[in-house]
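Thanks for coming, everyone. I'd like to walk you through one model today, so let's get it up on the screen.

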Amino acid sequence: MHLEFRHLRVLLTVAESGSIRKAAARLQLSQPATSAQLKRIEQELGGPLFVRGADGVQPTENGQYVLRCARDLVDGFDRLREHARSAAEADQQATAPLRAGGTAGPLVSLLMSALFELVPERRLTIDARRSVHTLVKSLSLAKCDIAVLAEFPGFPLPVGESVATRTLLREPVFVLLAEDHPLARQESVHLQELAGEDWVMPEADESGVHAYLHLTCQSAGFTPRIAHVTPDLSVAQLLVAGRHAVCGVWPTADVSARGTVQRPLVDVPFHRRLLLAWNTDSVRPELADAASERLLAAYLSLVRERPRYLAWWEDGGREFAHGGGG
């Protein structure tokens, strides 16, 4: 018989179990088969390695030496296998496309730019969806690697255990008004002042945006009238410009429709939490850290390009934005 690596594991199992019967159970062999195999191994190594007794087996002096060598060899082989597998997985990850996504408007393009700079060697694919729960599920199932998401207060996203999130900042909702609306003459608007207005909103979805509007307005003493529903911002802008509705708008959005103005809401009754989310099995923590830093820097550049938002930001808005969750 030629000594093979699997025979070393048999020796170690017998020593760890303390008896051939227990070792046989762990090896999923019969006791006679285990005993016969142990004898063949001992013959190959020149003599008995264990003393058999009524209470089990004990290694001989030579057996102790063989077991120490066997343990070193097995541990070394396990380290070799683990290193080889890790290296292979790293090679696969380096060549696999990085799948990015998002639902948070301008932040999706900012994430793309950040990843193009951070991992130029990897091909990047984009999955920008309207359904935040679909995207969260893709992250949990490792069908998406990293994404930017938005979460409304009171409506937490159901991320799985394999998904990590980091709050980037809190973003306020401004109100979009017709430029000849009486409230447009004000620098800011109280939510209660919109009580008699019709609203135009995106379609209701699992993010809770409609419920969030209703709950917030009801806490201000009125129920909002959602008269128009459209996913198209340009349609919403036309309705607002014609004095047919008002709508909430993210201050980073490129709202350029003639006849409309943006105004911040006093005390920021509406806001969302902007998150970076990633699958911890496919995205290294260092990449998530670097992406977060790039996203925040790019977001601040975007703030500086929006005069109305910049004014709000410099008038105490910065503290709110960096105030954490909620």
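Helix H10, residues 307–321, lies across strands S7 and S11, and it runs at about 10° to S11. Keep in mind that this is a predicted model. Another helix to find is H8, residues 233–241, which lies across S7, S10 and S11 at about 55° to S7.

Now the sheet under discussion. It is open, with 3 strands in the order S10-S7-S11 and antiparallel pairing. S10 (247–249) and S11 (260–264) are the edge strands; each has a single partner, so one side of each has no neighbour in the sheet. From one strand to the next, the twist averages 40°. If you follow S7, residues 174–178, you'll find 5 bridges joining it to S11, and Ala-178 sits opposite Thr-260 of S11.

On to the nonpolar cores. Which residues touch the most other members of the largest one? Out of 42 residues, they are Leu-115, Ile-146, Leu-276, Tyr-299 and Trp-313. Helix H9, residues 285–304, gives this core its largest share, with 7 residues. Take Ile-146 as an example: its contacts beyond four places in sequence include Arg-99, Leu-111, Leu-139, Trp-278 and Ala-291. There is also a second, separate core of 20 residues, with Phe-152, Ala-184, Trp-199 and Met-201 among them.

Finally, for those of you who always ask about cysteines: how many disulfides are there? The count is 0. Cys-247 is in none, as the nearest cysteine sulfur, on Cys-217, is 13 Å away. Cys-247 is buried, at 2% relative accessible area, while Cys-69 is partly exposed at 29%.

Definitions and conventions
Residues numbered from 1 in each chain as written. Predicted model: local features only at pLDDT ≥ 70, side-chain atom pairs only at ≥ 80, totals over all residues. Heavy atoms only, no water. Disulfide = S-S within 2.5 Å. Buried < 20%, exposed > 50% of the residue type's maximum accessible area, 1.4 Å probe, protein only. Core = buried A, V, L, I, M, F, W, Y, C linked by side-chain atoms within 4.5 Å. Helix = DSSP H or I, 4+ residues; strand = E, 2+ residues; numbered from the N terminus. Contact = heavy atoms within 4.5 Å. Pairing = 2+ DSSP bridges. Axes fitted to C-alpha atoms, helices over the stretch in contact; angles between N-to-C directions.
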